[in-house]
Amino acid sequence: MCTLGGFFSIEPSEISLSTLSNIVSQISVRGRDAYGIIIRNENNEISREVSFFESSLKLDETAQSVSIVARAVPAAERVERMELDERDVQPFFNDQFIVSHNGLIANDKKLRDLYAIQTESSIDTSILPSLFSKVGIVKGIMQLQASFALAIVDRVNNIFYLATNFMPLYYKVDNKVVYYHSLPQEDTTKIPLNYNGWKQVPYYSILKFSNQGIEKIDLPNLLNNQKVLVICSGGLDSVTTARLYQVLGYDVSILFFKYGQQAEKAEDWATTKFSEEFDLLKYTVNVKDIFKQCSTPSLLLGNSDIELDRHLDMESTLSYVGARNFIMSSIAFSLAEKLGIGKIALGLNIDDGVYPDNNITFAKDLERLSSTAL
């Protein structure tokens, strides 16, 4: 996949060369076969450079925008010509737009036919400048069947767009200059993503940068955020969580795991009764083979060889099963996406401080992971 980087001046401003140099060094991590660079000056003239295997960025003080794509050569099966050709290297442009794209477009040929788009290159991304000229940015993006992170310079109206569905894309605004790249800087994994002014473009959105400020345009998400899948054991915490979401107006389903636990029959019975009484769909997944590989000496898995020097407590560390909540959450992510469900939930008891996967930090990390994994 490609990596993107560069800047756009909303108004003529001094460029931070150190910031730009850092962006170039970041995107170079994945640049193994080509760099495509387009520089736009104060007269709205552009110069295009293509270099193979190393960056040849030469910036002068009149530059108003720079669009860089590393690893810019497309996948071989998408190119009809046998030899490497500069015409197939991003960014692509026309009289109005300069477009950088990370991802793959599945319906590019259909869009070519629909809008009579002709380009010198046969690869998917090459259609984008013409598509946006014909139907506009928002309508054009909404017609893509694709994975994408997009950086789009509107040369005519001096407007800049960053857009993504689920591909990561980061930006910061400094002195009326928008800097952007598709690899995170140090500490951008924190929630919320904000480090030295760097932020992440929200998933399924377009950010429009102009003299009027920043406008956010939401894109359709195939997952329904009014639907919730609750991992449920039939115990107090998970049942309360499921019922709470239902009372709040969500469409709730529950997911029960059979993982070899001692109380499997009781939990299966309780979750079934709960789902019947409150009219919830119940899904059951058997993961016993996965948890057989766990070496944790847990009482919950029927290990009776543990020496006890105090009263048994169901919430003691003796009932800890390594990565249980993490494994179950990962499977729940996948099932939720299959079912078009936009949220999963766990009922965690904050008082149970003995489990590493039973705290607020774990939940926040799960939230970040789910948004980048699906």
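**Exercise 1. Which residues does Ile152 touch, not counting residues up to four places away in sequence?**

Before you start: this is a predicted model, where local features need pLDDT of at least 70 and side-chain atom pairs count only at pLDDT 80 or more, while totals for chains, interfaces and linings use all residues. Residues are numbered from 1 along each chain as its sequence is written, and side-chain values use heavy atoms, with hydrogens and water left out.

Solution. 
- Step 1: settle the term. A contact, or touch, means heavy atoms within 4.5 Å.
- Step 2: go through the partners. Leaving out residues up to four places away in sequence, Ile152 touches Phe97, Ile98, Val99, Phe132, Ile137, Ile141, Ile159, Phe160 and Tyr161.

**Exercise 2. Work out what the largest nonpolar core is built from.**

Solution. 
- Step 1: a nonpolar core is a set of buried Ala, Val, Leu, Ile, Met, Phe, Trp, Tyr and Cys residues joined through side-chain atoms within 4.5 Å. Buried means under 20% relative accessible area, exposed means over 50%, and partly exposed is in between (1.4 Å probe, protein chains only).
- Step 2: the largest such core has 23 residues, and Leu128, Leu131, Phe132, Ile141, Leu144, Leu150 and Ile152 have the most contacts inside it.
- Step 3: look at who supplies two or more residues. Those elements are strand 6 (97-105), helix 2 (108-115), helix 3 (128-135), helix 4 (137-142), strand 7 (146-154) and strand 8 (159-164). Here helices (H or I, at least four residues) and strands (E, at least two) are DSSP runs, numbered from the N terminus.
- Step 4: pick the top giver. Helix 3 contributes the most, with 4 residues.
- Step 5: A second, separate core has 20 residues, including Ala149, Val153, Phe160 and Val201.

**Exercise 3. Describe how helix 8 and helix 9 pack.**

Solution. 
- Step 1: take the axes, which are lines fitted to C-alpha atoms, for helices over the stretch in contact, with angles from 0 to 180 degrees between N-to-C directions. For helix 8 (residues 324-339) and helix 9 (residues 360-373), the axes come within 11 Å and cross at roughly 30°.
- Step 2: name the arrangement. Angles under 35 degrees count as roughly parallel, over 145 as roughly antiparallel, 65 to 115 as roughly perpendicular and the rest as oblique. Helix 8 and helix 9 are therefore roughly parallel to each other.
- Step 3: list the residues that meet. From helix 8 come Asn325, Phe326, Ser329 and Phe333, and from helix 9 come Phe362, Leu366, Leu369 and Ser370.
- Step 4: sort them. The contact has 5 nonpolar, 3 polar and no charged residues. (Ala, Val, Leu, Ile, Met, Phe, Trp, Tyr, Cys and Pro count as nonpolar, Asp, Glu, Lys and Arg as charged, and the others, Gly among them, as polar.)

**Exercise 4. Is Gln64 buried or exposed?**

Solution. 
- Step 1: locate Gln64, which lies in strand 4.
- Step 2: read the accessibility. At 11% relative accessibility, Gln64 counts as buried.
- Step 3: see what surrounds Gln64. Not counting residues up to four places away in sequence, the partners include Phe7, Phe8, Arg40 and Asn41.
- Step 4: visit Val66, also found in strand 4. At 0% relative accessibility, Val66 counts as buried. Val66 and Gly6 are 60 residues apart in sequence but 5.1 Å apart in space, C-alpha to C-alpha.
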